[in-house]
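Please look through the sequence and the structure shown here, and then follow the explanation below from one part of the fold to the next.

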Amino acid sequence: MSRWAGRLLMIGMALGLGSTAFVPVPVPRADQAALGERLFFDPILSRSRTISCASCHQPAFAFADTSAVSRGERGRLGKRNTPSAMNVRLQANFFWDGRAATLEEQALLPIANPTEMDLPLGQAVKRLNDSRQYRTFFERVFGEAPTQQNLARALAEFERTLETNQSPLDEWRLNDNEVAVSAAAKRGFALFEGKARCVQCHFGPDFNSAEFRNIGLYDGQALADSGRAVLTKKAADLGKFKIGPLRNVALTAPYMHNGMFKTLGQVLDFYNDPSIVVPNALNRDPLLAKPLGLTKQEKQDLESFLLALTDKRFLPRNLPATQSR
């Protein structure tokens, strides 16, 4: 296990959230990541040269978007909410339905997607080769001209640098700084691990897991996105979506695969009793079969805990103690 993976294992254990199975991941190459960062912010990879990866993955919002679904080429609306591109280095799969198994595969799909950047990969590579500047960069970094493979590698290496582990919660749990978080956040942490049962799906250093679950946002009618089942064609996977990291979650509203909840308060209200929001949900996970019975104060404490997962690079931010509902 690398020193970096060992550090994350320690973080997960120190946070009291268990561990995850770590796959050895090489330390990102600085030169490749720097090239990837340049590409991430350059609209050269979209058909009209007006949209970049950062158009939907906005740095100020933990590399997520502020819309329920993002707009791509010619104003086309996507079908699912744009997740954060941060804290992805240890993830086992990508996109809400897990269609990509590696960051490299994930990096290329939005470029070619007609709803997003709408640029065939062959044309994207040709553009980079036609650019004297980019051809020089790729030859300097990779020792060869731009290809689909090294384009994917550069973008993925940049994304691997977007890790955060210096939140108020880390300061409290890792450095024993008792004043780093509020009493409400500490109560919320206890609820997260206990009564609210959040830790059964969100654990480890990034507060996520490699599982796909149906939390009750699929009824086959108004909520008809079948999620993981689109790929697997299995009835058991209807309505299942990826469990993503919770770090910096206060910055990544709106929430869920369809962006239907505007605030963390709405998310907590939903988890407290999903049947009130979606009474005819199909295939909802047994973990959410019964209401949690959280009080108003307990939901506020949980929200304080979630706010404490915001990395210091985003602080100070105008984040309220509790978000309006």
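Which residues are buried in helix H2 (residues 30-40)? In this model, which is a predicted one, the buried residues of helix H2 are Gln 32, Ala 33, Leu 35, Gly 36, Leu 39 and Phe 40. Seen down the axis of H2, these buried residues fall within an arc of 160 degrees, so they line one face of the helix. Their cover includes helix H3 (53-56) and helix H5 (121-130), together with helix H6 (132-142) and helix H7 (148-160).

We turn next to the nonpolar cores. The largest nonpolar core has 33 residues, and the members that touch the most others in it are Leu 169, Met 256, Phe 305 and Leu 306. Two or more residues of this core come from each of helix H8 (168-175), helix H9 (183-193), helix H11 (264-272) and helix H13 (296-307). Apart from this core lies another one, of 32 residues, and among them are Phe 40, Ile 111, Val 141 and Leu 162.

The last stop is the surface, where Met 260, Ile 276 and Val 277 form a nonpolar patch that has about 260 Å² of accessible area together. Ile 276 is found in helix H12 (residues 274-277), and Ile 276 counts as exposed because its relative accessible area is 65%, where exposed means over 50%.

Conventions:
Residues numbered from 1 in each chain as written. Predicted model: local features only at pLDDT ≥ 70, side-chain atom pairs only at ≥ 80, totals over all residues. Heavy atoms only, no water. Core = buried A, V, L, I, M, F, W, Y, C linked by side-chain atoms within 4.5 Å. Buried < 20%, exposed > 50% of the residue type's maximum accessible area, 1.4 Å probe, protein only. Helix = DSSP H or I, 4+ residues; strand = E, 2+ residues; numbered from the N terminus. Patch = residues over 30% accessible without salt bridge, like charges linked within 9 Å, V, L, I, M, F, W, Y side chains within 5 Å. Areas by Shrake-Rupley, 256 points an atom, 1.4 Å probe, with all protein chains shown as cover. Salt bridge = Lys/Arg side-chain N within 4 Å of Asp/Glu carboxyl O. Arc of directions from axis to C-beta. Contact = heavy atoms within 4.5 Å.
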